[in-house]
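Try each task yourself before reading its solution.

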Amino acid sequence: MSEVVYGKNNFGKSPLTVHVWNEARSQLAVSAELGKVDLISVGGGGGSGGDVAASLGEHTGKVTGIDWCPKTNQIATCSSDRNAFVWVFRDGEWKPTLVLLRVNRACTCIHWSPNGDKFAVGTGSRVIAVCYLDVENNFWVSKHVKKPIRSTITCLDWHPNNMLLVAGGTDFKMRVFSVLISDVEKKPESGSVWGPVKPFGAMLAEFDTDGWVHDVAFDHAGERAVGVSHGSVITVCLPGGGAVKYSWEKLPFQCVTWISSSRILCAGFDFTPEVFNVAPDGSLQHAGSLDKMTGGGQRKESKAMQRFREIDSRGREGGAGDAADDALKSQHKNTIMHLFITAAGDKSEANKVSTCGLDGQVISWDVASLSSGLQALKI
């Protein structure tokens, strides 16, 4: 049996759609209950989860986004209740700070900028709310990226220069926007590979995808972006408007991140994290899976019956559903929803990553030790 996991924390049957770690990787933020975010102290090794260090409970709807800023130690959360909060730890407890989003639909995702002075919120109001602190009044205000967005924003990611965003939506589009805010940062003397410096809200590039976009990510240098969509297609976006598409023969991916300048990691409805090599021209080659698929043995049944049992068990709790979950060979027993780079490392060289899924698990993967066993993987 291959040791593919260095830590495994099962938080029960409640599905997990997002998880983040603090900078020290000693606490994990998840939302397993409606409207509440739990901060869990997690030690090394496996187990069934750690102690709940704190609970953040201001939201009244499903928590759709969590991000923990490594530079300021502030937590940003958003929810289907159309609200967002910034949580600051002072006097021994986490206290919420008001965010004026000015949206009339659910929030879908939230991410801090690399410098920690702004964060962006994707919404169903067909806008991206880019928020920054009003120091005089001690609350967060927002500016909206509007045109040419015509759909719900489902995902976004920051460029390393702190002034660009890539966003994906349900209109089958990926777009790169300028989000330069003069009240927060100085205008740079030169632009980026995506184009010259432009005012807030200007679109720098647009790319077609074969389906609504589940996740997007810039690489470490901000010179390429990748997106995964519901048509089981991975789209690598290049400056100048070019895009390279790779059709995956299995179920769609739900999340994606760069783990080096030439590799991406994708995961989703097939329950396993998959590694792809990215050539300089954007073309992709499947390198292998991080999951060695070392669960239960083969059933002595026809393939059709095995497939029926597998489909029948998904979405069921208790009874035969639990037994079928145990028999699944993958580490995750349901859709993987989110990837997070852990330990020392970033998109330029990720040594360890963690995943969370609808099976209620957070699993950590040692990429460095597993990569040597992946076919066609170049280190």
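**Exercise 1.** Find which backbone oxygen lies 2.7 Å from a polar atom of the side chain of Lys333, and decide whether Lys333 is buried or exposed.

*Solution.* Step 1: go to the loop between helix H2 (320–327) and strand S26 (336–342), where Lys333 lies. Helices (H or I, at least four residues) and strands (E, at least two) are DSSP runs, numbered from the N terminus. Step 2: look around the side chain of Lys333; the oxygen is that of Ser330. This is a polar contact, meaning a pair of N or O atoms within 3.5 Å; within protein, one must be able to donate a hydrogen and the other to accept it, and residues adjacent in sequence count only if both atoms are side-chain atoms. Step 3: the relative accessibility of Lys333 is 19%, so this residue counts as buried. Buried means under 20% relative accessible area, exposed over 50%, and partly exposed in between (1.4 Å probe, protein chains only).

A word on the model: it is predicted, so local features need pLDDT of at least 70 and side-chain atom pairs count only at pLDDT 80 or more, while totals for chains, interfaces and linings use all residues. Residues are numbered from 1 along each chain as its sequence is written, and side-chain values use heavy atoms, with hydrogens and water left out.

**Exercise 2.** Work out which backbone oxygen the side chain of Gln361 reaches at 3.2 Å.

*Solution.* Step 1: locate Gln361 in strand S28 (residues 361–366). Step 2: its relative accessible area is 6%, so Gln361 is buried. Step 3: follow the side chain of Gln361 to the backbone oxygen of Gln331. Step 4: now compare positions along the chain: Gln361 and Ser14 are 347 residues apart, yet 8.9 Å separates their C-alpha atoms.

**Exercise 3.** Give the order of the strands in the open sheet of four strands, and name its edge strands.

*Solution.* Step 1: trace the order S10-S11-S12-S13, with antiparallel pairing. Two strands pair if DSSP finds at least two bridges between them. Step 2: strand S10 (107–112) and strand S13 (139–145) each pair on one side only, which makes them the edge strands. Step 3: S12 (residues 128–134) is joined to S13 by seven bridges. Step 4: within S13, Ser142 stands opposite Cys131.

**Exercise 4.** How many aromatic pairs does a search of the whole structure find?

*Solution.* Step 1: the search gives twelve. Rings of Phe, Tyr and Trp (its six-membered ring) pair if their centres lie within 6.5 Å; planes under 30 degrees apart count as stacked, over 60 as edge-to-face and the rest as tilted. Step 2: take Phe89 and Trp94, whose ring centres are 5.2 Å apart with planes at 55°, so this pair is tilted. Step 3: Phe89 counts as partly exposed because its relative accessibility is 44%, whereas Trp94, at 13%, counts as buried. Step 4: look also for the aromatic cluster formed by Tyr246, Trp248, Phe253 and Phe276.
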